[in-house]
Amino acid sequence: MKTARLLSVFAVSLFTLTLAAQGTSKCEAAFKVFEQAVSTLNYNDAYGQLPDLRKKCPEYNDKLYIYGQKVLEYKIETAANPADRQKYVDELAVFYTEYARYFPKNDGAVKKALLQKEHKLATDDEVYKLLDAVFTSNKAAFTNYNALETYFNLYLIQYDAGKGITQDQFIEKYGAIASQVAYAKNKIEGDRLILLKKQETEKLSAAESQLIADAATTSDALNAVAENMARQSSRHFTCEKLDAYYEKNYEKNKADIAWLEGLATGLYSNKCYNSAVLHKGALAVHTAKPTAQTAYMLGNIELKRRNQKQAIVYFEQSAALETSIDKKANLYYDIASIFRNSDKAKAKEFALKAIAINAKFGKPYILLAEMYSSVGKECGISEFDRKALSWLAIETVKKAEIAEPRYKTTVASLIKNFEKGKPTKEEAKVAKRKKGDVITYACWINETVTVPTL
């Protein structure tokens with residue numbers, strides 16, 4: 001009896017597994033046809049196949065929802081009339097609900113909230129509640145820069161409207177979202193590095209290649225979100241309030257890099273440069289995960305704290321860590337600009353480094369030319385020799401146009417101004433200077449000028 005019962009259970013189990021296997025096989029075949037239609041941009045064919053897949057194979061593959069989104073967005077964009085367009089918008093909202101149900105760890109709920117916001121399918125309060133639920137329970141899926149900005153803006157609206165949110169609560173929410181922006185940036189960069197490593201040994205899918213291509217743009221968008229948050233929030237709290245919040249919570253979060261990055265971004269964006277916890281947090285982030293950006297931030301913090309020597313150390317680290325030639329050259333130029341009024345020798349050093357890195361970069365030449373033309377008494381030179389630097393300024397600024405022809409108008413205007421400062425023939429006689437004389441400059445200038453025909 002017992003043996004018969006066991007055989008019966010085994011037979012039922014085998015039959016169930018066989019049915020499941022058959023179902024999986026059918027789903028696989030149907031999904032491949034659907035995927036092919038999407039990949040060849042046959043969206044109308046794919047749309048005809050979508051209902052059956054949604055009904056019979058909703059859990060087969062999360063790519064069903066990625067592809068399905070493309071198909072439904074196409075139908076929305078190409079709708080013949082407003083009624084059809086609304087029909088497809090409503091269908092996409094339901095589609096996102098299914099996505100969130102069958103793949104709750106993915107971002108279906110976030111996408112639904114953004115769709116509701118864009119097409120006014122729900123009130124702002126309803127959209128906020130949906131985003132807040134995801135933010136609270138599934139932060140790993142909350143990396144969309146549009147969602148992060150929308151979530152913050154809706155919270156800010158509630159705070160401005162006096163809906164029972166205290167200033168401390170607002171600061172806490174600001175800090176949490178700022179940390180999530182940092183988390184999203186880290187995830188994007190982490191995914192990019194993994195895929196770059198992967199492509200060394202195997203071919204990437206189209207989606208993976210696109211992620212690499214979009215990584216820089218996405219990261220820039222997330223930076224913009226952080227800056228916008230700081231700008232909008234700055235009217236609601238002081239550096240003292242922010243400092244107190246982060247100091248109070250530092251110990252329990254000091255191992256959380258995303259939280260520390262949120263701290264650094266929040267305080268730095270709000271110009272709280274003298275904050276001890278900003279310096280501590282930024283240094284912790286840089287120590288744990290040094291990048292060109294973390295080093296640059298520390299350099300600026302040290303500069304604001306009047307610690308120029310240490311600032312230079314971090315700025316040089318920043319340039320060394322930067323991998324993009326254009327960005328590295330721009331970074332050297334930025335550093336040169338920072339030192340223009342405080343340490344001209346360093347300013348020139350970094351301007352020349354920018355030129356050495358990128359020969360097609362005109363701005364460093366303009367900076368150097370303006371520095372030469374504005375020399376005062378700091379180098380102890382004669383009045384004639386000071387004016388003679390106008391020739392060096394003209395010679396230097398012409399190189400900006402050679403490097404970047406787009407500066408032609410700017411260069412012409414600067415030359416016109418520099419020419420006003422040139423020494424006259426009479427001044428040359430008084431200074432006992434004649435054509436062909438070489439003037440050697442020491443100080444930070446460290447150049448020579450040959451007197452031309454006057």
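Predicted model: local features only at pLDDT ≥ 70, side-chain atom pairs only at ≥ 80, totals over all residues.
A disulfide is a covalent bond between the sulfur atoms of two cysteines.

One of these bonds joins Cys 27 to Cys 57, with a sulfur-to-sulfur distance of 2.0 Å. The pair links distant parts of the chain, 30 residues apart, since Cys 27 lies in helix α1 (residues 2-39) and Cys 57 in the loop between α2 (43-56) and α3 (63-77). The torsion about the S-S bond of Cys 27 and Cys 57 is about -90°, and the disulfide is therefore left-handed. Cys 27 is buried, at a relative accessible area of 9%, and Cys 57 is likewise buried, at 8%.

A disulfide is also formed by Cys 239 and Cys 272, whose sulfur atoms are 2.1 Å apart. Because Cys 239 lies in helix α10 and Cys 272 in the loop between α11 (257-269) and α12 (276-288), this pair ties together parts that are 33 residues apart in sequence. With a torsion of about -85° about the S-S bond, the disulfide of Cys 239 and Cys 272 is left-handed. Cys 239 is partly exposed, with a relative accessible area of 28%, whereas Cys 272 is buried, with a value of 4%.

Cys 379 and Cys 443 form a further disulfide, in which the sulfur atoms are 2.1 Å apart. Here the link spans 64 residues, from Cys 379 in the loop between α17 (363-373) and α18 (383-403) to Cys 443 in the loop between β1 (438-440) and β2 (448-450). The angle about the S-S bond of Cys 379 and Cys 443 is -70°, and the link is left-handed. Cys 379 counts as buried because its relative accessibility, 16%, falls under the 20% cut-off, while Cys 443 is partly exposed at 43%.

Helix α10 (residues 239-253) also holds Asp 243, which counts as partly exposed at 22% relative accessibility. Beyond its neighbours within four places in sequence, Asp 243 is in contact with Leu 267, Ser 275, Ala 276 and Val 277. With Ser 275, the side chain of Asp 243 makes a side-chain to side-chain polar contact of 2.3 Å. Asp 243 and Gly 190, by comparison, are 53 residues apart in sequence and 30 Å apart in space, taken from C-alpha to C-alpha.

Conventions: Residues numbered from 1 in each chain as written. Heavy atoms only, no water. Helix = DSSP H or I, 4+ residues; strand = E, 2+ residues; numbered from the N terminus. Buried < 20%, exposed > 50% of the residue type's maximum accessible area, 1.4 Å probe, protein only. Contact = heavy atoms within 4.5 Å. Polar contact = N/O pair within 3.5 Å; in protein donor to acceptor, adjacent residues only side chain to side chain. Disulfide = S-S within 2.5 Å.
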